[in-house]
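This report goes through one predicted model, from overall fold to local backbone detail. Please keep the sequence and the structure in view while reading.

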Amino acid sequence: MDLTSLFTMTYGLYVVSAEADGQRAGCIVNTATQVTAEPPRLMVAVHKDNVTAGVIRRAGAFTVTVLDQTADMPFIGNFGFRSSDTYDKFEKYGCETSAVGSPYSPQHACALIGAKLVDTVDVGTHYLFVGEIVQAERTSDEPPLTYAYYHAVLKGKTPPKASSYQA
């Protein structure tokens with residue numbers, strides 16, 4: 001089996017975030033997609049070991065920020081290579097609150113989607129969180145940051161907790 005065939009699939013980079021019991025968390029994911037138009041729903045894949053996964057489950061809601069091509073490696077590293085249990089990822093880049101009560105940083109965002117959690121599917125190392133969209137807005141005209149751009153232009157690496165990671 002040639003698992004590199006999966007590299008041909010297109011991905012973006014997103015910050016998924018939530019807040020519950022006074023704890024706010026967020027992480028970078030590359031797997032987020034619309035799954036239905038009516039009702040409008042989307043799904044995100046979050047590694048089970050990420051603090052964000054537990055916060056989403058407790059919050060019953062999450063927000064997806066679609067990153068744009070102005071995002072740089074310090075921003076991506078802030079949300080992607082640190083843990084929300086020991087570091088406030090929102091302090092450095094500003095924090096606003098979505099319609100579902102999730103924190104998000106407006107910097108480097110071309111769209112914002114807030115969703116109420118309607119289903120959680122255990123897929124092994126990750127949870128698929130399915131949410132009904134209650135807020136969706138374009139926040140800039142910048143093009144979205146694709147995973148291909150992240151690798152080719154920003155020279156980013158795939159971290160072990162990414163859904164597309166291969167050892």
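## Basis and overall fold

A contact means heavy atoms within 4.5 Å. Among contacts in the chain between residues at least 6 apart in sequence, 65% join residues at least 24 apart. Residues are numbered from 1 along each chain as its sequence is written. The model is predicted, so local features need pLDDT of at least 70, side-chain atom pairs count only at pLDDT 80 or more, and totals for chains, interfaces and linings use all residues; side-chain values use heavy atoms, with hydrogens and water left out.

The chain holds three helices and nine strands. Both are DSSP runs numbered from the N terminus: helices are H or I with at least four residues, strands are E with at least two. From the N terminus, the order is β-β-β-β-α-β-α-β-β-β-β-α. The radius of gyration is 15 Å, close to the 15 Å that the globule rule gives for 167 residues, so the chain is as compact as a globular protein of that length. That radius is taken over C-alpha atoms, and the rule is 2.2 Å times the number of residues to the power 0.38. Along its principal axes, the C-alpha trace spans about 40 × 35 × 35 Å. Buried residues make up 43% of the 167 residues. Buried means under 20% relative accessible area, exposed over 50%, and partly exposed in between (1.4 Å probe, protein chains only).

## Strand pairs and hairpins

Two strands pair if DSSP finds at least two bridges between them. Strand 1 (14–20) and strand 2 (23–29) run antiparallel, joined by seven bridges. E19 has R24 in strand 2 as its bridge partner. Five of the seven residues of strand 2 are buried, so this strand is largely enclosed by the rest of the structure.

Strand 3 (residues 32–36) and strand 4 (residues 41–47) also run antiparallel, with four bridges between them. A32 stands opposite V44 in strand 4.

## Nonpolar cores

A nonpolar core is a set of buried Ala, Val, Leu, Ile, Met, Phe, Trp, Tyr and Cys residues joined through side-chain atoms within 4.5 Å. The largest has 23 residues. V16, V44, V46, F62, V64 and F129 touch the most other members. Strands 1, 2, 4, 5, 8 and 9 and helix 1 each supply at least two residues of this core. A second, separate core has 13 residues, including L13, I28, L67 and I76.

What does F129 contact, leaving aside its neighbours within four places in sequence? The list includes L42, V44, V46, I56, F62 and L117. R57, D119 and T120 are also among the contacts of F129.

## Aromatic pairs and charges over rings

Rings of Phe, Tyr and Trp (its six-membered ring) pair if their centres lie within 6.5 Å; planes under 30 degrees apart count as stacked, over 60 as edge-to-face and the rest as tilted. The count comes to four aromatic pairs. F75 and F79 form a tilted pair, 5.1 Å centre to centre with 50° between the planes. They are four residues apart in helix 2 (residues 73–80), so about one helical turn separates them. F75 and Y93 form an edge-to-face pair, at 4.8 Å and 75°. This pair links distant parts of the chain: F75 is in helix 2, and Y93, 18 residues away, is in the loop between helix 2 and strand 6 (96–97). F75 is buried at 1% relative accessible area. Y93 is buried at 11%. F75, F79, F90 and Y93 form one aromatic cluster.

A charge sits over a ring if NZ of Lys or CZ of Arg is within 6 Å of the ring centre and within 35 degrees of the ring normal. K48 lies over the face of Y127, at 5.4 Å from the ring centre. R57 lies over the face of Y127 too, at 4.6 Å.

## Backbone exceptions

Most residues other than glycine have a negative phi, and most peptide bonds are trans. D21 has a positive phi near 55°. D21 sits in the loop between strand 1 and strand 2 and is exposed, at 70% relative accessible area. H108 has a positive phi near 60°. H108 lies in the loop between strand 7 (103–104) and strand 8 and is buried, at 17%.

A cis peptide bond joins E38 and P39, with omega about 0°. P39 is in the loop between strand 3 and strand 4.
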